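Reader: I would like to learn how to read a sheet and the helices around it, going slowly from one feature to the next. Could we work through an example together?

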Amino acid sequence: MANAPSLRWLPPSPTFRAQLKAIPGLPMERAWESLVALANTRLDFIATNALDQVMRRVFADSAPPGLSTKPVRLALLGSSTLAHLHAAIRVAGVRRGIWITTYENDYGQYLQELMDSGSALHAFAPTEILLAFDAHHLVQGLHVGMDGEAAEATLQEVLGRITQCWQLARDTLGCAVQQQTALNVMPALMGNNEQRLPGSPRALLARLNEAMRPAADAHGVDLLAIDDRVAIDGLDAWHDPALWHRSKQEVALPAAPVYGDLVGRLVAARQGRSAKCLVLDLDNTLWGGVIGDDGLDGIVIGQGSPLGEGFSAVQDYARDLSRRGVILAVCSKNDEANALEPFDSHPDMVLKRADIASFQANWSDKATNIRAIAQDLNIGLDSLVFLDDNPFERSLVRQELPMVAVPEVEDDPALVPRLLADAGYFEGLAITAEDRERTGQYQSNRARASLMASATDLDGYLAGLEMQLTWRRFDSVGLQRIVQLINKTNQFNLTTKRHTEASILEVMNDPNSFGLQLRLLDRFGDNGIIAIVIGRKNADGPGGDVLVDTWLMSCRVLGRQVEPATLNLLAKEALRVGGTRLVGQYLPTKKNGMVRDHYAKLGFTVVEEAADGTSLSILDLDRFVPTETFITVTQA
Amino acid sequence: MPAMTESDIYAGLTDIFREVFMDDDMELRPDLSAADVPTWDSFKQIEIIMATEERFGVKLMTREIDGLRNVGDLAAVVAAKFDAGTGAA
């Protein structure tokens, strides 16, 4: 069986059924929010229908009060059965916060209903019409034996009938029109050169789809290009001949959610509600590797490696989007100087600094930075699409900012451009010179005013992560990994002291020293060893001083309270070796600016600070109270 | 080819019917048919077939679908696919 077209850019919802069941018990406003949230998960045909059923039970036929979008009355006019598409279209509306009421003509009666001002169609008073004619209907009157002239006349007649419908819809109903292109389900009679048989139904439909494009543009009609979707997904995914014979449904049921979504995109675009801005993460999204650790020479981008070419393709696609009017922004956890370096100096970067209208590279959480981008560009959060390879960040942003679209990207950059295209976030109806210049405008207008830190419910999020920190003292099993981490971590590294296996063995054997390796697990999985700490009791100096020789952490787990949890452990170990004070040292490098205030933030007292930033900080252990965190700590 | 017992098939079909009709208490018997369930229309019929094909990894032929009168018939069609070695559960 062919793979069904799927809303694969939306995250699956494991709790769909339970959440859906709870909706009828909620107050109206919450019920709608919950429906919108569920509509933004990866629904198949059955789940789509179930959601629609609950929605209609709660709201019957009237839009929820207080919607900021315009309700739409959409009439589906077709030559065969479209009943299986209504739910998917309505749910695609909900996905975009738009209430859609649908109507379908009596079987085969679309033209009569259009022409008769007393018809049920006119009584429905649609604001938009979708014309969807099946292939068999469109080729009526065509004979395989026709010569070129007769076939051409048939084509013009079919096109004439279609444009007549457009005019009727406009003149008698004052409606916006969507026209579905033909699904070419006709089997080939000739083969590769089908066009040489003028009377071939398959050839006629191909020519009709081609002719519809300029005609639609001339009439101000928007096409619903399912012929284009079929070119991507394959005909088997979109059409089931057995279903056609059984119930005259031309679009296969599993394809209905995607069909509905295509309609929803056009509806939303007409209301100016397509996304406007693509927000890009950097490390492992625009290039391979971590710029802060791997450096300009170490990141993977450009020719020479398949992975690098994959990242180039992502950048190519983003740049092309920006050239047609989509704004680009950057949201990255990085020191700004590190983040900017590839844009300014890497020869293989496709995107340049000037392509990015708002550049947020710092160590705040991403939800905060995405708010900053929206504010900076003065556009709504609901017009942003956030691209990030990291499932943790995606999940955080989805939870904190449900109005931001966050595609579920695959781990391979090669697959990203098509996924973004398939998701249709940036559905466009017209292109203006202004679009082409917009990026430049936003950039020059950008107000770099300082932004208020926003009140994000991070606590709730962190609690929900179910984080577990398991720690053990250095051991021979972990030795290699410990040395590797110590020698490659540049950013969150207080002293950047490098070690060898021999020097780590020394730490292990010295009763006055201790080395800790920390592993973090959460509900997304195992993050691996994410932090290393080495403490040494000062044998000669004032008794009881424990010097923190090394404290380093993976930037992936920043902002998750690992730092205070680590300090709690460090304090306990220092007491174990007879320490009374912790002495923390910060040795600045080009890369570790982010931890300059690390000790001060954790409650140490800074006792020395040199002009170059080198500092020494003290924590009295007898007055230290361990910080409460959302992390469960266990010794492995 | 994994063995597929009648009770495996009924367990799978029960999940499907409960989901399609959004009724967690729905119990299947072989003679249950559209006449017994008010909301079981042609539309639901198609959903049931679609979900059955997906769940059991089988493809039902037009003539098989046309011949379905009740749950027992559906279970028998699925069982026959496995007996013929074309199922892929």
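Author: Let us begin with the general idea, which is that strands of a sheet pair through backbone hydrogen bonds, either parallel or antiparallel. In this predicted model, five strands of chain A form an open sheet in the order β2-β1-β3-β4-β5, and their pairing is parallel.

Reader: Which strands are the edge strands of chain A?

Author: They are β2 (100-104) and β5 (222-224) of chain A, each of which pairs on one side only. From one strand to the next, the twist averages 25°.

Reader: How many bridges join strand β1 of chain A to β2(A)?

Author: Five bridges join β1 (residues 72-78) of chain A to β2(A), with the two strands running parallel, and within this pairing A:Leu76 stands opposite A:Glu104 of β2(A). Helix α4 (residues 86-95) of chain A packs on the sheet, where it touches β1, β2 and β3 (128-132) of chain A, and its direction makes about 160° with that of β2(A).

Reader: At what angle do helix α2 of chain A and α4(A) pack?

Author: Two packed helices are described by the angle between their axes and the distance between the axes. Here α2 (residues 28-39) of chain A packs with α4(A) at an angle of about 110°, their axes being 8 Å apart, and therefore α2(A) is roughly perpendicular to α4(A).

Reader: Which residues make the contact?

Author: From α2(A) come A:Trp32, A:Leu35, A:Val36 and A:Ala39, while α4(A) supplies A:Val91, A:Val94 and A:Arg95. Sorted by class, the contact of α2(A) with α4(A) has six nonpolar residues, no polar residues and one charged residue.

Methods. Residues are numbered from 1 along each chain as its sequence is written. Chains are lettered from A and ligands numbered from 1 in the order in which they are written. This is a predicted model: local features need pLDDT of at least 70, side-chain atom pairs count only at pLDDT 80 or more; totals for chains, interfaces and linings use all residues. Side-chain values use heavy atoms; hydrogens and water are left out. Two strands pair if DSSP finds at least two bridges between them. Helices (H or I, at least four residues) and strands (E, at least two) are DSSP runs, numbered from the N terminus. Axes are lines fitted to C-alpha atoms, for helices over the stretch in contact, and angles run from 0 to 180 degrees between N-to-C directions. Contact means heavy atoms within 4.5 Å. Angles under 35 degrees count as roughly parallel, over 145 as roughly antiparallel, 65 to 115 as roughly perpendicular and the rest as oblique. Ala, Val, Leu, Ile, Met, Phe, Trp, Tyr, Cys and Pro count as nonpolar, Asp, Glu, Lys and Arg as charged, and the others, Gly among them, as polar.
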